[in-house]
Amino acid sequence: MRRVGVVLGAVLAASLGLAVEPGFAAGADQLFAENCAACHQAAGQGIKGAFPALAGDAFVQGDPGQAAFVVLNGRGGMPTFAPDLSDDQIAQILTYVRSSWGNKASPVTSAMVAAARLKSKPDDARSALQAH
Amino acid sequence: MSNLIGTPFSRRNFIERLGATGGVALAMAGMEALGFGIGSAHAAPPNLSGSAKGKKVVILGAGLAGMTAAHELGKAGYDCRVIEARSFAGGRCQTSRAGFSLTELGGQTQTNDFAEGQYINHGPWRIPYHHLSTLHYTKAFAIPLEVFVNDNDAAYMYYENGTGPLAGKRIRKGRMTADMRGHTAEILAKITRKGGLDDQMTPADRDAFIGYLISEGYLTWKDLDYVGTEGAGFEVLPGAGIDPGPGQLYTPFPFADVLHSKLWNQLSSVARFDMQRTMFQPAGGMDRIAKAFESRVGPRITYSAVVQQVRQSPEGVTVNYLDSAGHSGVANADYCICTIPLSVLKSIDMQVSPRFKQAMNGVSYAPVGKIGLQMKRRFWEEDHQIYGGHILTDIRGIGAISLPSTGWQGQRGVLLGYYHFGADAARISAKSPADRAAVALAAGQKIFPDYQDNYETSFSVAWHRVEHNLGGWAEWNADGRRDDYPILCEPDGRIYLSGEHLSYIGGWQAGAIESAWQQIAKLHRRVQA
């Protein structure tokens, strides 16, 4: 449902001729806000000692495959997003992150994310978390 | 959560999976016998006989691990001091009731405004009967326990992402269980009687197996048919006289409908060892345990003191901290027991070996969210006869809705509106408290028509955004357990780590307590040497 909503939103924005910020697809900012901003914060500034900043971060602006791998598999306190986000959604989010808040790195394609997904062993993506 | 989800169904692999399930159960029993199980291994604190030799121990963190260490070492004569970042003790062992306030990192402040007597255990909330260590202290401290209803046949299951006529329908767990078991037993019994398993069974075993299946599925003796069973429940409850008289049993759902619903995916969720009955909770809130410890070790705790740096030498340990007024303080001791979660500790300047420091990165911390919703009427009891237990659902972001195991037939109640992990927790935690409640209410409304109308107020937590915790609990993958965990279990010089993260009962209070017991025993042996 939500995925449909995102697509509809993009279609609506396009049909209404709304200005779309260049560098990332319409709706990418919303995907970031929904999935990432709780920890990395709305402007990618993170919180010192808790959540890494994405703004100005070298890793984020480095190899797209490695960045996609982390989104897919999680790291430290970051969960795996492999079951929840499509290759295209992850590509949109990463492209948004790599072109916002002063970041200037190349766009990420869904093919790059798909390649990273192939490298992820199912065991690497953390299994469904168990309730306590 | 079953791992059967989404796998293509065939009769052959279904049988194989049933066999595999038996194998797992047997393997688990073997592991228990060898002491590798997930049950709690110790029933009592270590015997710290001998002399404390005037040694001082600084304990970082007044959660259950830290307070267990302070309590037991204190009894043995050690001079303990506890440094706690918060203004109250308990760590994650918290209960939110009126006045309780929480500001998540990057979030707005919530102050609980539940009615008198209402609460939510937003941290640990249940105690399995085999967590002997937790139960040791509830008994020793005379904390009254209630049964926590962890499985309820009357509770609804609700899956909206299955297919077929049962998708998006609420169905009581007992009914679903009876139909799944009945249909499965019927197929197996008929295959077996036809000789389908003759190559792996003696005739005597085959007859015994069919006997079991008849009993298991309430099958007809002659034809081995599943035609429904009383255990599934009644369309019309039996009663007096002619009407309702015998009542009306539910007709079984067709097996295909049951399978397509995917509801069976949840039937094993409370079969895990740490989910089995009997489950307990302290009467009045989980923080009764924290308060009981605090009443014993409170005078040794320095509150609102955030550790900045830990240094050690061959002579001792020095801890520098900042208090809430921004003043620095120092604690010197012979030894340190550090219970700070690794998610937080890895950013603290602690003088340990590079390998020890590196090992802290071998673990991840679980994003976890819970929300308590106060309802003005206990409609789940009054209208649906559901007394505690979990509404198991696949509504995105919810995980489970759980009904309170206290205050039966009272006026109000606080239910758990969601309990989610991972990416769901990340997503929902980006929302304001009001929007989180809206997500929870929209989900509950699909199952209970009176849900939103009865809602009064909420309190939510996203543990990954809680300062001093940064996650619900530690999660070790196989590599981390092998390479890093053993390193952190041993002291680095005079510094001993402790907490649920250094146990195989992770995420449970028993893990914190038993880790503390293990580390103080080591420390005491060293002092005696």
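Two residues are taken to be in contact here if their C-beta atoms, placed from the backbone, lie within 7 Å, and with that in mind I would like to start at the interface of this predicted model. In it, 22 residues of chain A are in contact with 28 residues of chain B. On the chain A side, helix 2 (28-35) and helix 3 (37-40) each supply at least two of the residues that touch chain B, and that side divides into 11 nonpolar, eight polar and three charged residues. As for confidence, the model scores ipTM 0.84 and pTM 0.90.

Turning to chain B, the average pLDDT is 92, with 92% of the residues scoring at least 70. Over residues 1-39 of chain B, however, the pLDDT is below 50, although this stretch has 24 contacts in the model beyond near neighbours in sequence. Where pLDDT is low, the predicted coordinates should not be read in detail.

Chain B has 16 helices and 27 strands, and its radius of gyration is 26 Å, close to the 24 Å that the globule rule gives for 529 residues, so chain B is as compact as a globular protein of that length. Its C-alpha trace spans about 80 × 60 × 40 Å along the principal axes, and buried residues make up 47% of the chain. Among the chain B contacts between residues at least 6 apart in sequence, 70% join residues at least 24 apart.

What about the interior? The largest nonpolar core has 149 residues, and those with the most contacts inside it are A:Ala68, B:Val58, B:Val319 and B:Cys336. Helix 16 of chain B, residues 509-528, gives the most to this core, with seven residues. Apart from it lies another core, of eight residues, including B:Ile210 and B:Leu213. Returning to A:Ala68, and leaving aside neighbours within four places in sequence, this residue is in contact with A:Ile90, A:Leu94, A:Val108, A:Met112, A:Val113 and A:Ala116.

Finally, some backbone details. Most residues other than glycine have a negative phi, and most peptide bonds are trans. In chain A, A:Gln41 has a positive phi, near 75°, in the loop between helix 3 and helix 4 (64-73), and with 18 C-beta neighbours inside 10 Å it counts as partly exposed.

Note on methods: Residues are numbered from 1 along each chain as its sequence is written. Chains are lettered from A and ligands numbered from 1 in the order in which they are written. This is a predicted model: local features need pLDDT of at least 70, side-chain atom pairs count only at pLDDT 80 or more; totals for chains, interfaces and linings use all residues. pLDDT is the predictor's confidence in each residue, from 0 to 100. Helices (H or I, at least four residues) and strands (E, at least two) are DSSP runs, numbered from the N terminus. Ala, Val, Leu, Ile, Met, Phe, Trp, Tyr, Cys and Pro count as nonpolar, Asp, Glu, Lys and Arg as charged, and the others, Gly among them, as polar. The radius of gyration is taken over C-alpha atoms; the globule rule is 2.2 Å times the number of residues to the power 0.38. A residue is buried if 20 or more other C-beta atoms lie within 10 Å of its own, exposed if 12 or fewer, and partly exposed in between; C-beta atoms are placed from the backbone. A nonpolar core is a set of buried Ala, Val, Leu, Ile, Met, Phe, Trp, Tyr and Cys residues joined through C-beta atoms within 7 Å.
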